[in-house]
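Here's a quick briefing on a few spots worth a look while you have the model open. We'll start with a pair of helices, then move on to strands and a loop.

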Amino acid sequence: MAEHERLQALARSQLLDSSSEEAFDRFTKLAALILEIPVSLVSLVDKDRQYFKSYYGLPEPWASQQQTPLSHSFCQYVVASHEPLIVTDAREEAWLANNLAIPDLGVIAYLGFPLEVEGQALGSFCAIDDKPRVWSEREIRIMKELAQFVTTEIALRMEVTERQKAEKQLRESEERFRTLANQAPIMIWQADTHGDSTFHNATWYTFTGLSEQESLGLGWMTAIHPDDHAEASMLWLQSLEQRLPYHTEFRLYRADGFYHAVVAHGSSYTDPSGNFLGYIGTLLDISEQKALEQQREAFMSMVTHELKAPLTAMKGNIQLAQRRLTSLLADASVLDSQQQKLISQAMSMLTRGVENLNDQTRLINDLLDLSRARADKLNFTLAPCDLVSLVQRTVHDQQAIHPLRVINFTLPPFPSVMVLADAQRTRQVLSNYLINAFKYSPPEQPVQIGMSVEAGVARVWVQDNGLGLTEEHKAHIWERFYQTHEVASYTRGTPGLGLGLHICKVLIHGQDGEVGVESVKGHGSTFWFTLPLINRDNQVSGLN
């Protein structure tokens, strides 16, 4: 229904009430001459009338009016049925006997064919005689062929009209886009299907100082810093070839004589039919933001380094005091029971002090690692490493620090697993997993560590018997500064910053590995990471 209304509206705007056209007049005249009939019509049926786009032999006053109401129309039945209408004598047809076309227009014999465009009947091409007539097969074939020619003429005009309308709308849309773009505070650009720039807004020209001639085509790339040009060009060509979003960062020359850091975004766009038209994108100056970020990172690095020095000294002094008190306690003969009790209490307080210092040192190290990672200065020394030995050493160290906790390490069924890894960074990740397991599971419950080899990688996992994680927690647990405050901690250490697991992810990803967690609320959690095996095929074969 909607399509019919659309075509009717298009036909109405293009054909109804329009001036006569030679092409249509030629067909009505040709039909009248060949069939030797008094009247021939190209009739377009509207909701309350029929309009004669062309007519031959039509009597007055209808010829001057060029239309009749539907009360005087046989063509309306052709449109309604989408079928030809062949009438020998309308006066003998009961369903036509009351149609006013018979007395007022003298329509006795009628031969009409539907004019259909895209399956929608818009009108009829008809032959009329003012006396009874039996239409021959030859006459019917002639009218059918002529009706197809008339339909083609109508379709061509409607197609031209729609194309002209679309082109007008496109021009208006382009004008609105450019008006808005030129008022935008960020740089906006447009490129064609070949990747050549076709438009830059006023902000671009103000920023770069380039002219329109210098900017169009691929000229805009001359403003990119020479050291960034190759990568920016390669990414642009790759995006264009695959029609993927374009996203990169480079330094762009500014009219003040300096290069400024900008981030470029671009997306492909299409016409209503889905045809690829090119790209539209933006360029955003982020030089001030990057400068502030660098200042922040430098400040963070300075502060954390300044904090580490006194903490290291404090820890050394405490450990020295512990050793001296331990020696004093060893010689019980010089101490009475009260003195021994006081020294034991002091030893206990010093032990808690060391634990707090370790917590503070870990927080500072997390901040340092985060600062280095964000500044892309987190270095990795990848080398062949026996993961079994590494896990055993880490477990031994953590067992010494937490002597009251039980760690069960199930050895794999092979003596060694060689991976390409940064041993120090990997131990840092495993230690973090273990510390979290101690923190969030009951002290009397053991912590399990396991290892497996699968699909070219080694997988290490740490399982606790804590309260577990919800689906929401699992979705965000690796994000910076995310903390699960409602999960009970079983230790009294310094609260974390929510950086540990995020840094674990950064450290493992930096070694071409993956991290993950498996957990059900109320049933504990299993955190895992993978690292690539060395000579994966040979090693897996040998292990099997």
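Helix α12 passes helix α13 in a right-handed crossing (right-handed if the near helix is turned clockwise from the far one by less than a right angle, left-handed if anticlockwise). Keep in mind that this is a predicted model, where local features need pLDDT of at least 70, side-chain atom pairs count only at pLDDT 80 or more, and totals for chains, interfaces and linings use all residues. Residues are numbered from 1 along each chain as its sequence is written, and side-chain values use heavy atoms, leaving out hydrogens and water.

**The helix pair**

- The axes of α12 (residues 387-401) and α13 (residues 423-439) come within 10 Å and cross at roughly 45°; axes are lines fitted to C-alpha atoms over the stretch in contact, with angles from 0 to 180 degrees between N-to-C directions.
- That makes α12 and α13 oblique to each other (under 35 degrees is roughly parallel, over 145 roughly antiparallel, 65 to 115 roughly perpendicular, the rest oblique).
- Residues making the contact (heavy atoms within 4.5 Å) include Leu390 and Asp397 of α12, and Arg427 and Leu434 of α13.
- By class, the contact of α12 with α13 has eight nonpolar, four polar and three charged residues (Ala, Val, Leu, Ile, Met, Phe, Trp, Tyr, Cys and Pro are nonpolar; Asp, Glu, Lys and Arg charged; the others, Gly among them, polar).
- Helices here are DSSP runs of H or I with at least four residues, strands are E runs of at least two, and both are numbered from the N terminus.

**Strand β6 and its partners**

- Ten of the ten residues of β6 are buried, so β6 is largely enclosed by the rest of the structure (buried is under 20% relative accessible area, exposed over 50%, partly exposed in between, with a 1.4 Å probe and protein chains only).
- Strand β1 (residues 39-45) pairs with β6 in the antiparallel sense over six bridges (pairing takes at least two DSSP bridges), and Leu41 has Cys126 as its bridge partner in β6.
- Strand β5 (residues 109-117) also pairs antiparallel with β6, over nine bridges.
- The hairpin of β5 and β6 has two residues between the strands, and Glu118 there takes a positive phi near 55°.

- Lys131 sits in the loop between β6 (120-129) and α6 (137-183).
- Lys131 is partly exposed, at a relative accessible area of 48%.
- Beyond its neighbours within four places in sequence, Lys131 is in contact with Ile108 and Ala109.
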